[in-house]
Amino acid sequence: MVKCHYCEREAVVRLPYAKLNLCREHFAEYLLRKLERSVNRYKMFGKGSRVVVGVSGGKDSVTLTKLLSESGLAKMLVVHVNLAIGEYSRISVETVRRFSVEHGLDYLIVDLSEYGIGIPELVAKTKRSPCSVCGMVKRYVLNALTMDLGYDALATAHHGDDMAVYIVKSFLLQDYDQLYKISPVNYEVPGLAARKVKPLYEFYEFEVETFAKLYGLPFVSVKCPFKHVGWLESYVRELLDRAEEESPGFKVSLLRSHARRTMSMRSAEQAQPKACASCGLISSGTECSFCRFTRRALGQPMGLVVRRWIIGKAVAGETRQVSGDQPSSVG
Ligand code: SF4
Ligand code: ZN
Ligand code: ZN
């Protein structure tokens, strides 16, 4: 039996980059400390901040939410965007609902089919890839919600394995605008864009998954039918996995160097932010990409419609919905 580094119990996980074998309890403690260090290292938000957490229902987002809630670092509102992708979305909504209720968390589900902007409907009206449409819609809704409900930051569950791949891929494509966006913190632009933080920036995917399983968190394991991984992404992932195997900790060094060099830089949108003529949120041109896209696909820009719905929910007190009788800090 391999023993835990800190106690007599059996180790259930090995962290090669830290040369540690840990039992279930010390693993959880280790991850909690790691989360707190990341939040402080990158000055993501101050203690007691009000943070919207974007939760898809996958292992990454439920682990982030559980760790944040255990840490007591923030007052959270769990937000799930129901993408209306058939059975996949039905399972995701149910998982987020169950997870939030089990953990006594305030949550809000934004149902895109209410506006006729479910991902399959949008994809049918464009030549863009489903994931790029989906990413743009989710980013818009979560930013609008964080702004309109007056939260301090928006947290998402991007982990280090994915971030490292996106960094190298963006560099190979010489997409510097994208490179600047891959950061543990994207600073707020007052009145236009929320502060965005990635508390799992230095976490490995295996840590996130092991935690979710060891603690029996409900998470969605079915794949989205639109999921597609391109050849370049697969190639870069394989390369980075081999580098990590040869030299444990390689990915975190890469992520830290990247953050040091790019955190003070701004994407084009952030460097010269404008207000979208249709919805008033951040844009690099006359209209933001969401309003431009929905105008083309549906004949009218939907930004303001989404924002009015969000504010309506807050006024009606529905952001405290469903997670019991405790009013949330919203509304
Ligand atoms: Fe959206 Fe693509 Fe993820 Fe499906 S796989 S949920 S379309 S980003
Ligand atoms: Zn132990
Ligand atoms: Zn807009």
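# Why the labels fit

Guide: Arg237 is partly exposed, its relative accessible area being 22%.

Visitor: What makes 22% count as partly exposed for Arg237?

Guide: Buried means under 20% relative accessible area, exposed means over 50%, and partly exposed is in between, using a 1.4 Å probe and protein chains only. Arg237 has 22%, so the partly exposed label applies. Before we go on: this is a predicted model, where local features need pLDDT of at least 70 and side-chain atom pairs count only at pLDDT 80 or more, while totals for chains, interfaces and linings use all residues. Residues are numbered from 1 along each chain as its sequence is written, chains are lettered from A and ligands numbered from 1 in the order in which they are written, and side-chain values use heavy atoms, with hydrogens and water left out.

Visitor: Is Glu233 buried or exposed, and how do you know?

Guide: Glu233 comes out at 14%, so it is buried. Together with Asp162, Lys169 and Arg237, Glu233 belongs to one network of salt bridges that share partners.

Visitor: What makes Arg237 and Glu233 a salt bridge?

Guide: The term asks for a side-chain nitrogen of Lys or Arg within 4 Å of a carboxyl oxygen of Asp or Glu. For Arg237 and Glu233 the closest N and O atoms are 3.3 Å apart, and the pair qualifies. The two residues are about one helical turn from each other, because they sit four residues apart in helix α9 (residues 231-246). Helices here are DSSP runs of H or I with at least four residues, strands are E runs of at least two, and both are numbered from the N terminus.

Visitor: What about Glu8 and Lys3: how do you know they form a salt bridge?

Guide: The closest N and O atoms of Glu8 and Lys3 are 2.9 Å apart, which puts the pair on the list. Glu8 has a relative accessible area of 60% and so is exposed, whereas Lys3, with 41%, is partly exposed. Searching the whole structure turns up 22 salt bridges.

Visitor: How do you know whether the chain agrees with a compact globule?

Guide: The rule is 2.2 Å times the number of residues to the power 0.38, with the radius of gyration taken over C-alpha atoms. With 331 residues, that gives a radius of gyration near 20 Å, and the chain has 20 Å, so the two agree. The C-alpha trace spans about 65 × 50 × 35 Å along its principal axes. Among the 331 residues, 51% are buried. The chain carries 13 helices and ten strands.

Visitor: What surrounds ligand 1, and how does that shell divide?

Guide: Around ligand 1 you find Leu83, Cys131, Cys134, Lys138, Cys224, Phe226 and Lys227; each qualifies because near means a heavy atom within 4 Å. The shell splits into five nonpolar, no polar and two charged residues. In this scheme Ala, Val, Leu, Ile, Met, Phe, Trp, Tyr, Cys and Pro are nonpolar, Asp, Glu, Lys and Arg are charged, and the others, Gly among them, are polar.

Visitor: Which residues does Asn82 touch, leaving out those up to four places away in sequence?

Guide: Asn82 touches Ser89, Val93, Ile109, Val110, Asp111 and Leu112, contact meaning heavy atoms within 4.5 Å. Asn82 is placed in strand β4 (residues 74-82), and with a relative accessible area of 13% it is buried.

Visitor: What makes Lys19 and Gln174 worth a look in phi?

Guide: Lys19 has a phi near 50°, a positive value in a residue other than glycine. Lys19 is in the loop between β1 (13-15) and β2 (20-22), and its 67% relative accessible area makes it exposed. Gln174 isn't a glycine either, yet its phi is positive, about 55°. The loop between α6 (160-172) and α7 (176-181) holds Gln174, which is partly exposed, with 45% relative accessibility.
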